[in-house]
Amino acid sequence: MEQQSKHFTATAMIRNDKGEFLLHEHPKLGFWLPPGGHIEENEEPQDAVIREVFEETGLMCRIIDCAYPTVTKVRRTDHVYALPVPLAILKEFIIDGKQGNHWHIDMVYLCELITPERKPADEFKWIPFEELAKLNIPNDLLQLASMVNEANLLK
């Protein structure tokens with residue numbers, strides 16, 4: 001059996017106070033997707049998602065820890081740090097004619113913008129939740145957006 005390679009990625013689900021999600025039409029895949037990308041060597045996933053959001057949108061964000069239903073976290077010691085819990089961790093099959101088919105192990109973080117009044121890069125659009133299903137969008141993204149809305153994870 002052939003072993004498929006795996007790439008580690010981080011994605012940001014960002015919703016504004018109007019209930020719109022920040023997405024762009026991915027030039028290579030043709031899907032509408034949130035900001036995100038590959039985690040670099042020796043980079044932690046929570047740092048990668050913040051970097052990717054800034055590189056792609058020009059906006060700064062912070063992660064909302066999705067540790068619910070637990071309230072207590074592992075306490076920090078000199079040798080242990082508790083990282084923010086993603087909204088989801090997905091294993092996504094990527095069909096890639098250039099690099100070869102592979103898997104993404106995608107840590108999907110719920111994020112909020114630090115300066116929500118700033119406009120994102122031109123290729124990013126605020127899409128109302130009700131409009132998501134009308135776009136060429138992966139089903140898992142619709143499910144993630146529903147999770148954000150149903151759990152009322154944002155203020």
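A disulfide is a pair of cysteine sulfur atoms within 2.5 Å. By this rule, the count for this structure comes to 0 disulfides. The structure is a predicted model, in which local features need pLDDT of at least 70 and side-chain atom pairs count only at pLDDT 80 or more, while totals for chains, interfaces and linings use all residues. Residues are numbered from 1 along each chain as its sequence is written, and side-chain values use heavy atoms, with hydrogens and water left out.

**Cysteines**

- Cys 61 takes part in no disulfide, and the nearest cysteine sulfur, that of Cys 111, is 4.1 Å away.
- Cys 61 has a relative accessible area of 3% and is buried (buried means under 20% relative accessible area, exposed over 50%, and partly exposed in between, with a 1.4 Å probe and protein chains only).
- Cys 66 is likewise in no disulfide, and its nearest cysteine sulfur, that of Cys 111, lies 8.8 Å away.
- Cys 66 is buried as well, with a relative accessible area of 14%.

**Overall fold**

- The protein chain contains 2 helices and 8 strands; helices (H or I, at least four residues) and strands (E, at least two) are DSSP runs, numbered from the N terminus.
- Read from the N terminus, the order of elements in the protein chain is β-β-β-β-α-β-β-β-β-α.
- The radius of gyration of the protein chain is 16 Å, close to the 15 Å that the globule rule gives for 155 residues, so the chain is as compact as a globular protein of that length. The radius is taken over C-alpha atoms, and the globule rule is 2.2 Å times the number of residues to the power 0.38.
- The C-alpha trace of the protein chain spans about 45 × 45 × 25 Å along its principal axes.

**Interior, surface and charge**

- Of the 155 residues in the protein chain, 41% are buried.
- Among contacts in the protein chain with a separation of 6 or more, 63% come from residues 24 or more positions apart; contact means heavy atoms within 4.5 Å.
- The protein chain has an accessible surface of about 9900 Å², and carbon and sulfur atoms account for 54% of that surface. Accessible areas come from the Shrake-Rupley method with a 1.4 Å probe; for residues, only the protein chains shown count as cover.
- There are 16 positive and 25 negative side chains in the protein chain, and the centres of the two sets lie 3 Å apart. Lys and Arg count as positive and Asp and Glu as negative, whereas His and the chain ends are not counted; the place of a charge is taken as NZ of Lys, CZ of Arg, CG of Asp or CD of Glu.

**Selected residues in loops**

- Phe 31 lies in the loop between β2 (20-25) and β3 (32-33) and is partly exposed, at a relative accessible area of 32%.
- Phe 31 and Asn 136 are 105 residues apart along the chain, yet their C-alpha atoms are separated by 5.3 Å.
- Leaving aside residues up to four places away in sequence, Phe 31 touches several residues, including His 24, Asn 136 and Pro 138.
- Asn 42, in the loop between β4 (36-38) and α1 (45-57), has a positive phi of about 65 degrees although it is not a glycine. Asn 42 is exposed, with a relative accessible area of 76%.
- Lys 119 is found in the loop between β7 (102-113) and β8 (124-128) and counts as exposed at 72% relative accessibility.

**A residue in a strand**

- Glu 92 is placed in strand β6 (residues 88-94).
- Not counting residues up to four places away in sequence, Glu 92 touches His 102, Trp 103, His 104, Asp 106 and Asp 140.
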